[in-house]
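Biologist: Can you walk me through this one? Please keep it simple.

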Amino acid sequence: MKVEQLSPGGALIRKRVDVAAIFAEHHVGLVRLALVMVGDQATAEDVVQEAFTRTHAGRGRLRDPDKALTYVRSAVFNGCRSVMRRRATVFRRAVPYEPPVWSAESAALLSEERREVLRALRELPGRQREALTLRYYLDLSDQEIAETMGISGSTARSTIARGLAALGRALGEDS
Amino acid sequence: MNSPMEDRLREALAEAGATVDTSTLRPLQSSGRPRVRVDFRLLAAAGAVVLAGTVTAAVLIAPGDERRAAVANPPVDQKYADASVFLCGKLSPSRTCPGGSVTAEQTKAIVRALREGPGVEQVLYVSQDQAYASFRRDYADDKALLGTIDVTDLPPSFQIKLKPGADPKVSLVRMKSMEGVGDITFPAEAVKEMGPEWEKNADVSVFLCGEQSSLASCGAVAAPDSTSSAPRFVKYGKAITPAQRRALGKEIGAIPGVQSTHFESQQQAYENFQRSYKDNKALAQATKKSDMPESFRLELRPDADWDKVITKLKGLPGVATVVNGKCMIEQFMLRTHYGISASMGKGCAPQPG
């Protein structure tokens with residue numbers, strides 16, 4: 001197929017990042033990320049869908065292609081935070097919500113050892129939990145974690161270190 | 001140099017993430033907003049000349065949208081209701097009527113809410129039969145329309161009379177989200193805006209291809225994997241050239257039935273748009289002059305065959321799309337008085353994009 005040469009204006013439009021395409025490409029990955037954050041697939045899918053709907057309207061605004069995935073992850077991440085906050089409010093006085101992935105019912109999915117780690121992770125303060133998830137689930141660098149969470153690189157580093165230490169204590173590790 | 005803690009954490013997270021069942025993963029739904037925005041501006045530019053901005057907004061923006069037409073002055077004409085609350089019927093869009101037709105309980109709740117509404121003076125129920133009788137009278141000479149609509153297509157409604165000075169939008173804002181309410185319109189205001197002579201003011205807008213057009217009529221070629229939510233183009237359309245524009249103007253003037261034409265530049269279109277939407281700051285600010293299309297505005301002789309002229313216009317080179325102003329107003333009136341959604345006007349529907 002013959003492709004016409006685009007004018008400078010057209011090239012700019014091309015260069016703008018299509019957030020919708022990024023969502024489509026990383027859909028499963030984003031749901032996985034949301035799942036380890038919120039604990040169940042249905043909510044995780046909702047979070048990703050919501051983030052998609054919200055960022056979709058502004059897709060023309062994003063001009064830096066290198067930042068696109070970070071931007072999309074942040075959107076999903078913020079969605080997860082809202083879910084956690086909502087749950088915290090709703091369940092403050094009621095029984096604690098136990099999402100399936102680390103609950104007893106999911107014994108068929110995950111071994112007791114894994115669930116123990118996830119439960120301990122869930123007990124950590126929000127930021128530490130988030131930073132550890134980005135580091136040890138997505139294997140992001142300090143800088144990428146910082147950008148996704150909207151904090152500085154050194155804060156990201158120290159948050160991870162503190163989170164790891166707290167996790168070790170919770171799981172009775174002597175180190 | 002990973003510590004055992006890190007390894008455990010990494011493995012646990014990986015396993016948790018892997019439990020996502022990709023076979024049940026729901027596909028992402030697009031809100032479709034960007035596409036609507038493009039169509040919307042084209043149409044809005046078409047409406048800006050014939051209609052005042054508030055009325056245009058009511059035509060173009062679906063019920064339930066926060067940017068619904070703002071209401072300026074309390075209506076004066078006693079002949080029309082200040083507001084019509086249409087109940088969910090057979091043809092109501094599923095977006096506003098997810099539960100289908102209105103139930104008796106919902107109707108009761110709506111009556112209660114109306115009685116308690118601030119500024120509401122009188123509430124009158126119009127059944128399907130009554131609506132249909134009036135519909136037949138109003139459109140007695142439009143056999144095509146009468147043939148497509150029967151009595152069960154028209155939703156029942158409540159016609160509201162407000163106390164003098166009450167703002168219908170304020171009074172009825174709560175009603176919009178009630179179950180069983182399909183649409184709310186403001187007939188008195190609409191009639192006041194349009195004037196009795198609206199049919200004579202209707203024109204035809206011929207929009208011209210601009211830079212980077214994504215319309216097939218301008219030569220844009222969509223990529224095979226293009227979807228409405230993520231449009232991609234192999235090739236964008238080309239703007240009309242000055243020579244083409246001159247030729248087009250001449251050609252349009254020669255079409256039988258065309259009474260007069262005038263050219264509306266980007267600058268004029270932009271000024272009209274800004275005037276029409278001065279109350280909607282967000283929309284006005286988001287719209288740049290380069291977003292506006294150039295157009296020819298045509299007056300047709302009332303006895304001319306509008307459909308034939310419009311079909312011919314659509315086939316001319318450099319024409320992006322053609323909007324029939326008469327249809328827009330007709331559809332608006334149908335919705336305002338009878339609660340039938342705009343897409344019902346057959347053959348008259350403005351072609352999107």
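Modeller: Here is a short tour by topic. This is a predicted model, where local features need pLDDT of at least 70, side-chain atom pairs count only at pLDDT 80 or more, and totals for chains, interfaces and linings use all residues. Residues are numbered from 1 along each chain as its sequence is written, chains are lettered from A and ligands numbered from 1 in the order in which they are written, and side-chain values use heavy atoms, with hydrogens and water left out.

Biologist: How many disulfides are there over all chains?

Modeller: One. A disulfide here is a pair of cysteine sulfur atoms within 2.5 Å. The pair is B:C209 and B:C218, with 1.9 Å from S to S.

Biologist: Which hand does the link of B:C209 and B:C218 have?

Modeller: Left-handed, with -90° about the S-S bond.

Biologist: And is B:C209 buried or exposed?

Modeller: Buried, at 5% relative accessible area. B:C218 is buried too, at 9%. Buried means under 20% relative accessible area, exposed means over 50%, and partly exposed is in between (1.4 Å probe, protein chains only).

Biologist: Switching to strands. What does β5 of chain B pair with?

Modeller: β5(B), residues 204-208, is joined to β9(B) by four bridges, and the two run antiparallel. Strands (E, at least two residues) and helices (H or I, at least four) are DSSP runs, numbered from the N terminus. Two strands pair if DSSP finds at least two bridges between them.

Biologist: Which residue of β9(B) stands opposite B:V206?

Modeller: B:F296. β9(B) also pairs with β8(B), residues 258-264, in the antiparallel sense over six bridges. There, B:V258 has B:L300 as its bridge partner.

Biologist: How many residues of β9(B) are buried?

Modeller: Five of its six, so by the under 20% cut-off the strand, residues 295-300, is mostly covered.

Biologist: Now charges. How many salt bridges are there over all chains?

Modeller: Eight. A salt bridge is a side-chain nitrogen of Lys or Arg within 4 Å of a carboxyl oxygen of Asp or Glu. One of them joins A:R81 to A:E130, with the closest N and O atoms 2.9 Å apart. That pair links distant parts of the chain: A:R81 is in α4(A), residues 68-91, and A:E130 is in α6(A), residues 126-136, 49 residues apart.

Biologist: Is A:E130 buried or exposed?

Modeller: Buried, at 6% relative accessibility. A:R81 is partly exposed, at 23%.

Biologist: Which residue of chain B does A:D139 bridge to?

Modeller: B:R10, with the closest N and O atoms 3.4 Å apart. A:D139 lies in the loop between α6 and α7 (142-149) of chain A, and B:R10 lies in α1(B), residues 4-18, so the pair joins two chains. A:D139 is partly exposed, at 49%. B:R10 is partly exposed as well, at 23%.

Biologist: What about B:R335? Which residue is its salt-bridge partner?

Modeller: B:D183, and the closest N and O atoms are 2.7 Å apart. B:R335 is in α14(B), residues 325-338, and B:D183 is in β4(B), residues 181-185, so the pair ties together parts 152 residues apart in sequence. Both residues are buried. Elsewhere, A:R135, A:D142 and A:R157 are joined into one network by salt bridges that share partners.

Biologist: Back to α6(A). Why is it largely enclosed?

Modeller: Because nine of its eleven residues are buried. Among them are A:E130, A:L132 and A:R135.

Biologist: Next, the nonpolar cores. How many residues does the largest have?

Modeller: It has 50 residues, and those with the most contacts inside it are A:V76, A:L132, A:L167 and B:L9. A nonpolar core is a set of buried Ala, Val, Leu, Ile, Met, Phe, Trp, Tyr and Cys residues joined through side-chain atoms within 4.5 Å. α2(A) gives the largest share of this core, ten residues.

Biologist: Where does this core lie?

Modeller: Domain 1 (14-97) and domain 2 (111-175) of chain A both give residues to it, so it lies between them. Those bounds come from an automatic or database domain assignment.

Biologist: What does A:L167 touch?

Modeller: Several residues, including A:L132, B:M5 and B:L9, not counting residues up to four places away in sequence. Contact means heavy atoms within 4.5 Å. Apart from this core lies another, of 18 residues, among them B:V204, B:I240, B:W306 and B:V309.
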